[in-house]
Structure formats: structure tokens, C-alpha cells
Amino acid sequence: MQGIVVDLEQGGYLSRERHGRRTRYSLHLYRTFRHPAEAHLPVSSLLELITFRDGENEGVVQSGSP
């Protein structure tokens, strides 16, 4: 998992900031995908597909089948 976080940080998709013993992560949703076929799309477009739409669970990633 740490390797994935490092890759995303090096790619500019997230940043981390230490607060004492905790780490705060910030996503950069305006960044676009690296693959040429999706280079015009922001990362936020993918997250919109996999997150809830009802205001109650905003920001929670769905799992399982629809």
C-alpha cells in the first residue's frame, strides 16, 4: 500500500502532510490521467463513477455489486 501512495504522490495525484503522529492526505482531483486515451479527463471523473450520489454518504466509496 505504501508503494501505491508513493507512486501517486510522485505523479502529483496526492500530497501528504504530517501532523504530529498522523498524516493528512490531499487528493488533487483536477489532475488528468497519464494514458493518452484518457489524458483529457480529470481524475474526479473516475471518482464520480465509484462514489455515492445521495448527499448522506458523500465521499464514501462503494464496494460490491450495484
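## Overall architecture

From the N terminus onward, the elements of the chain follow the order α-β-β-α. The model described here is predicted. Its chain contains 2 helices and 2 strands. Of the 66 residues in the chain, buried residues account for 9%.

The accessible surface of the chain amounts to about 5,800 Å², and carbon and sulfur atoms contribute 54% of that surface. Among contacts between residues at least 6 apart in sequence, 2% link residues at least 24 apart.

## The largest pocket

The largest pocket holds about 210 Å³ of space. Its lining is made up of Asp7, Leu8, Tyr13, Leu14, Leu27, His28, Leu29, Phe33, Arg34, Val43, Leu46 and Leu47. Sorted by class, the lining comprises 9 nonpolar, 1 polar and 2 charged residues.

Both α1 (2–10) and α2 (43–50) supply at least two residues each to this lining. The largest share, 3 residues, comes from α2.

Ser15 belongs to strand β1, which spans residues 14–19. Ser15 counts as partly exposed because its relative accessibility is 27%, a value between the 20% limit for buried residues and the 50% limit for exposed ones.

When neighbours within four places in sequence are left aside, Ser15 is in contact with Arg24, Tyr25, Ser26 and His28. Ser15 and His28 stand 13 residues apart in sequence, and their C-alpha atoms are 7.9 Å apart in space. The side chains of Ser15 and His28 are joined by a polar contact of 3.2 Å. His28 is also one of the residues that line the largest pocket.

Thr51 is classed as buried because its relative accessible area is 19%, and the class requires a value under 20%.

A polar atom of the Thr51 side chain lies 2.9 Å from the backbone oxygen of Leu47. Leu47 in turn is among the residues lining the largest pocket.

## Summary of the two sites

In this predicted model, Ser15 is partly exposed, whereas Thr51 is buried. The side chain of Ser15 makes a polar contact with the side chain of His28; the side chain of Thr51 has a polar atom 2.9 Å from the backbone oxygen of Leu47.

Methods
Residues numbered from 1 in each chain as written. Predicted model: local features only at pLDDT ≥ 70, side-chain atom pairs only at ≥ 80, totals over all residues. Heavy atoms only, no water. Helix = DSSP H or I, 4+ residues; strand = E, 2+ residues; numbered from the N terminus. Buried < 20%, exposed > 50% of the residue type's maximum accessible area, 1.4 Å probe, protein only. Contact = heavy atoms within 4.5 Å. Areas by Shrake-Rupley, 256 points an atom, 1.4 Å probe, with all protein chains shown as cover. 1 Å grid on protein atoms, 1.4 Å probe; cavity = no way out; pocket = protein on both sides within 12 Å on 5 of 7 lines; lining within 4 Å. Points joined across faces, edges and corners; volume = space filled by probe spheres on them. Nonpolar A, V, L, I, M, F, W, Y, C, P; charged D, E, K, R; others polar. Polar contact = N/O pair within 3.5 Å; in protein donor to acceptor, adjacent residues only side chain to side chain.
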